[in-house]
Amino acid sequence: MTLFTDLNLDKKVLKAIAETGYDSPTPIQEGAIPPALEGKDVLGIAQTGTGKTAAFTLPMITLLGRGRARARMPRSLVLAPTRELAAQVAENFDTYAKYTKLTKALLIGGTSFKEQDLLIDKGVDVLIATPGRLLDHFERGKLILSDVKVMVVDEADRMLDMGFIPDIEEIFKKTPFTRQTLFFSATMAPEIERITNTFLSAPVKIEVARAATTNENIKQGVVMFKGSRRDRADSEKRKLLRALIDAEGDACSNAIIFCNRKSDVDIVAKSLKKYGYDAGAIHGDLDQSVRTRTLDGFRDNKLRFLVASDVAARGLDIPAVSHVFNFDVPSHAEDYVHRIGRTGRAGRSGVAIMICNPRDEKNLADVERLVAREIPRLENPTGSTGGAEAEDVKPAREEKPRRTRTRKPREEAKPEAEATPEVEAKAEAKPVEAEAAPKADAPQDKPKREQRSRGGRNRGGNNNRDGGGRHEKIVGMGDDTPAFIALSFDERAKT
């Protein structure tokens, strides 16, 4: 069995390793450290949780043992895709370089530019950064990369997923051609292979496991879930998550719960807190100080459940995570490998349970195709649905019939000669003489517009509508003609 003492590491580094309790390297460390110490480029491919961080940190500290950094000119550069992973690399550096005089600077978003500039101005041996913040410092004229002797790209496939590949290419161009490059990834996408062919010189390839394989120490399972109703599905799914946690009992000492969307991270965390589970949330929209505090609480066992987006899926080294729950099936199959890689680390056993909705079955098929195995189906502890609770789901409103606006059909003009029975009865009761007499009490104060409309209703027709008419010789006037107008026409008729 190979020991760290067999790898030609600096004595000060070996002393720090011994204090951590490790004496034997992992396969990726055993394969990558010797060629890295010889100054060769290294391409390391290994599943997450296999110790890739130490595989480049240990030889880098040994190589930088001689020499001194100049202001604004770091001697080595480590690129990481997320703030958390960059901070973790910085912690590893502090652990293994504590008996050396090497200095470091951490350049990540969410922290002060001024403090970072002060560190760079003093000169640092190791610069650990996310691509975006590194380019910000470079464009402000605060950083010179012409003295970089060792460059490390960690979690390269995650860089690809997050769209950092153009930034990586730009950074490579700003470093010396003679640099040594250490390139590490869990999967090997075609785009990453193109970069390695462009920027690495005859790299030593170390592949300790087939790309995109899962750890055999992890017990995997998936629960097929379908909500009873669309408006209750999310609540029922959260209840199912709580039931799965309860079913694991004391074996679930802590767990990371992954969601696809940042909004779901907050909702699931609040729901768990509501039901008495000690949970915290971490995702990219949170302030860096909040993310660091939450992550430290989980790492120190002060927080039992960490609800996270994929910002926490890659590279976070929390050795004693007993369970991983995938609240959602990841949209990208490769993310499944990295998510469940948070458990079962350093030879420990772990459990990974996933919840799959009907709409996520295609993503599940992609995951199974990638890992080349069928994930065992588990029984739903709550039954066929989540059984939503009244306090977690608002009762659905009773459906009311929709009001539809319909245009009223235009009423056909009824012939005014047609009278209702009541009108006809009244007309018959009146003496015939009254019909010949003009209406003395006819209204005199109706608006002229109304008079015109009523008077013009039957223009060109006979105003004697009931066949017997009171003014047979008057043409064009209606039944409601004012008496004074009728009289004037009568006078003309007499002449």
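Predicted model: local features only at pLDDT ≥ 70, side-chain atom pairs only at ≥ 80, totals over all residues.
How many bridges join β9 to β12? I started my notebook with that one. I found 4 bridges between β9 and β12, and the two strands run parallel.

**Entry 1**

I looked at who stands across from whom. F258 is opposite N326 in β12. Then I checked the pairing with β11: 4 bridges join β9 (residues 255–258) to β11 (residues 305–308), and these strands run parallel too. Here A255 is the residue standing opposite F305 in β11.

Stepping back, I traced the whole sheet. It is an open one of 7 strands, with parallel pairing, and I wrote the order down as β10-β11-β9-β12-β13-β8-β14. Its edges are β10 (279–282) and β14 (377–378), each of which pairs on one side only. As a reminder, strands of a sheet pair through backbone hydrogen bonds.

Are the residues of β9 buried or exposed? I went through both faces. A255 and I257 are on one side, I256 and F258 are on the other, and all of them are buried, so to speak: both faces of β9 are covered.

Next I looked for a helix packed here. Helix α13 (residues 333–340) lies across β8 (218–224), β9, β12 (323–326) and β13 (350–356). The angle I noted between α13 and β12 is about 155°.

**Entry 2: aromatic pairs**

I searched the whole structure and got 3 aromatic pairs. I wrote up two of them.

The pair I took up to begin with is F56 with F184. Their ring centres are 5.6 Å apart and their planes are at 45°, so I logged the pair as tilted. It links distant parts of the chain, with F56 in helix α3 (residues 52–63) and F184 in strand β6 (residues 180–185), 128 residues apart. F56 is buried because its relative accessibility is 0%. F184 is buried as well, with a relative accessible area of 0%.

Then I turned to F172 and F199. Why is this pair stacked? The planes of the two rings are at 10°, which is under the 30 degrees that stacking calls for, and the centres are 4.5 Å apart. F172 belongs to helix α8 (residues 165–174) and F199 to helix α9 (residues 190–199), 27 residues apart in the chain. F172 is buried at 2% relative accessible area. F199 has 18%, so it counts as buried too, the cut-off being under 20%.

**Entry 3: charges over rings**

I spotted K237 with its charged end over the ring of F327, 4.6 Å from the ring centre. I also have R242, whose charged end sits over the ring of Y275, 3.7 Å from the centre.

**Entry 4: nonpolar cores**

Which residues touch the most other members of the largest nonpolar core? The core has 36 residues, and the answer is L58, V78, L182 and F184. I listed the elements that each supply at least two residues: α1 (11–20), α2 (27–37), α3, α4 (83–96), β4 (126–129), β5 (150–153) and β6.

Leaving aside neighbours within four places in sequence, V78 is in contact with F56, M60, V89, V126, L127, I128, A129 and V152.

Another core lies apart from the largest one. I noted 28 residues in this other core, among them L107, M151, I192 and I195.

Terms used
Residues numbered from 1 in each chain as written. Heavy atoms only, no water. Pairing = 2+ DSSP bridges. Contact = heavy atoms within 4.5 Å. Axes fitted to C-alpha atoms, helices over the stretch in contact; angles between N-to-C directions. Phe/Tyr/Trp six-rings, centres within 6.5 Å; stacked < 30°, edge-to-face > 60°. Buried < 20%, exposed > 50% of the residue type's maximum accessible area, 1.4 Å probe, protein only. Lys NZ or Arg CZ within 6 Å of the ring centre and 35° of its normal. Core = buried A, V, L, I, M, F, W, Y, C linked by side-chain atoms within 4.5 Å.
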